[in-house]
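Here is a short note to read alongside the model. Please keep the sequence and the structure open as you go.

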Amino acid sequence: MTYTPTNVTRAACAFIEASSFDRLPDEAVRIARRCILDGLALYIAGSDEESVQVLIEDAREVGGRPDALLLGGGDLKIPAALAARVLGTAGHAHDWDDTQVSHDPAHVYGLLTHPTVPPLTAAMVMGQKLGGVSGRDFVNAFATGVEVESKISEWMLPDHYKRGLHSSGTVGTFGACATTAKLLGMSGVKLAHAMGIAASFASGIRCNFGTMTKPLHVGRASENGVTAALLAARGFTADPEALDGRWGFMMVQSGGATEAKLAQGFGKTWSMVEPGISIKPYPSGIVTHQSMDAMLKLVTTHNVDPTKVERIDFYAGSNILNPIRYPIAQNHLQAKFSMAGLLAMIVLRRQAGRKEFTNEFIQSAATQDMQKRITTQLDPEIEAKGWDIIRSRIEMTLKDGTKLVEWADERYRGGPANPMTDKDLESKVAACTDGLLDGKRRQAVIDAAFGVEKLADAATLATLIQP
C-alpha cells in the first residue's frame, strides 16, 4: 500500500490552537445555532429510548466524580466522559441528527459524518466540568470540532465507508477531541498527543446498523474524544502525527486521502457553510428521505386509501439499497434501515416521526402487512446515472388496477439547496420533545440555542434539556 506524506495532524492542531469566535464567519455562527438547537432537541428525544435507558442505569451504578449532569438522571452528576457516552448516544438514538454534505461525486451517500453530536456533546459536558464557559467560547469550540471532523471525513478516500466503517463513530472522535482540547486551552505537543490518542480510539462498523450499537458508536465517539483530550492534558502520549503516514488513521481506515483536497485546509472555507449541513426531516438514514417525500407526495396528491393498495414497487440504485438493508423491519431500529418499513409509515400514517418509530407500530398487523406489499429493486438505469444524487422511483398499484408513479425530488428537503426554515426547525423541536418537555421549557431551549453566543455560562444548556 503506497502513501504520500501529509501534514494533516499538524494543520488540524494549528487550526484548533488559532480558532476564535471573532474569526468565525457570520454564516457559520448562524448555522451553528441551528445545529445546536437540533442537537439539544435530539438529546431530549433520545433520553427515553431503551438503549439510552440502559446506559443511564449503567452510569448510575458506575458513578464517579461529579463533572456533568447525567441525562435523565435528575441532579446526579458523573464523570465528563461517562456523561458524554450517554448524551452522545441519545443524540444519535433516533438517527435524526444532521449530516455533512459533499459535492464530490466519488463520495457514497452515508460515507460522510453526522457532524454535530460528538463535538456538541463534548462542549456540553466540558462546559459543565470547567464552569464559566461563555456562549462565545462554547460556539467556537463546537464549530472548531465540526470543522475538524468534517474535513477529515471529506478528505478520506471513499473506501472508508465501503470497508464497512461508520464515519460518525470514527471521525466523530476527532470532532469531540478537538472541541474538548479547545475548551481546555491545549496547544503544542499535548494537543498533538490528544489527536493521536483519538486516532486509536476511533471505531464503529456498519454491521451494527439497525441495532442499539449504531447510536452507541456516536456515544463512544463523544466519550473517547473527551477522554483522549483529558488524558493528553495529564501528559499521556501518542504519535503526534497520527492522521498521517503509513500507519496513520487515514491510511489505515480508508487507504489514504484525496491529495487535491488537502489544500482546502481547515477553516479557510468552513464545511458547515460550504458545502453545508443537512438537518434531517425524518429519523432515518439520509438516503431514504427523498423517497419518503416522494411517497408522501403520491399518497396526498391522490388521497390514497391504504386498504386499496395492492403492491408498491420501489426502484433505486445500490447507494440506497445496500445500506438500507432490511427487507421487512421487525422492530423500530431496523425500520430506520428498511425502505418497506419507512414507506409503510408514510402510506399508513402520512408521517414518520417518533410515534411511528416504535415497536408497537412496526410490529402491528397493518404495518407488517403493508411491508409485505412493498418490494425493492435495483434499477440499472438509475444505477448508471451515478451516486452523486439520490434517485428513486415509486410505482404503486391499487386493487382496482390503477397505477401511480412518483420520482424522488433531487433537491432533498433539509439539504442546503432546500433547507428547513427556522420555523420548520422549531416544529421538529416540538416533535422531538413532545411528552418530554412542557411548552415553557421547550421555548426556553429554543431561545437559549438561538441566542447561545450571548450566554454567560453555557452550562445552562445542560439543565434545560433534562427531561
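1. Ground rules. This is a predicted model, where local features need pLDDT of at least 70, side-chain atom pairs count only at pLDDT 80 or more, and totals for chains, interfaces and linings use all residues. Residues are numbered from 1 along each chain as its sequence is written, and side-chain values use heavy atoms, with hydrogens and water left out.

2. The largest core. The largest nonpolar core holds 105 residues. Such a core is a set of buried Ala, Val, Leu, Ile, Met, Phe, Trp, Tyr and Cys residues joined through side-chain atoms within 4.5 Å. Buried means under 20% relative accessible area, exposed over 50%, and partly exposed in between, with a 1.4 Å probe and protein chains only. Met124, Phe138, Phe174, Phe249 and Met272 have the most contacts inside this core. Helix 2 (residues 26–46) gives the most to it, with 13 residues. Helices here are DSSP runs (H or I, at least four residues), numbered from the N terminus.

3. Met272 and a second core. Leaving out residues up to four places away in sequence, Met272 touches Ala28, Ile31, Ala32, Phe142, Ala143, Val146 and Ile277. Contact means heavy atoms within 4.5 Å. A second, separate core has 43 residues, including Met295, Ile324, Ala335 and Ile394.

4. Gly175 sits in helix 8 (residues 167–184). Is Gly175 buried or exposed? Its relative accessibility is 0%, so Gly175 counts as buried. Beyond residues up to four places away in sequence, Gly175 touches Pro119, Gly145 and Glu149. Gly175 and Lys162 are 13 residues apart in sequence and 22 Å apart in space, C-alpha to C-alpha. Thr180 also lies in helix 8. Thr180 is buried, with a relative accessible area of 0%. With the sequence neighbours up to four places away not counted, Thr180 touches Ala122, Met126, Gly225, Val226 and Ala229.

5. A helix pair. Helix 19 (residues 422–433) packs with helix 20 (residues 439–450) at an angle of about 135 degrees, and their axes are 11 Å apart. Axes are lines fitted to C-alpha atoms, for helices over the stretch in contact, and angles run from 0 to 180 degrees between N-to-C directions. That makes helix 19 oblique to helix 20. Angles under 35 degrees count as roughly parallel, over 145 as roughly antiparallel, 65 to 115 as roughly perpendicular, and the rest as oblique.

6. Who meets whom. Asp422, Leu425, Glu426, Val429, Ala430 and Thr433 in helix 19 meet Arg442, Ile446 and Phe450 in helix 20.

Key. Helix = DSSP H or I, 4+ residues; strand = E, 2+ residues; numbered from the N terminus.
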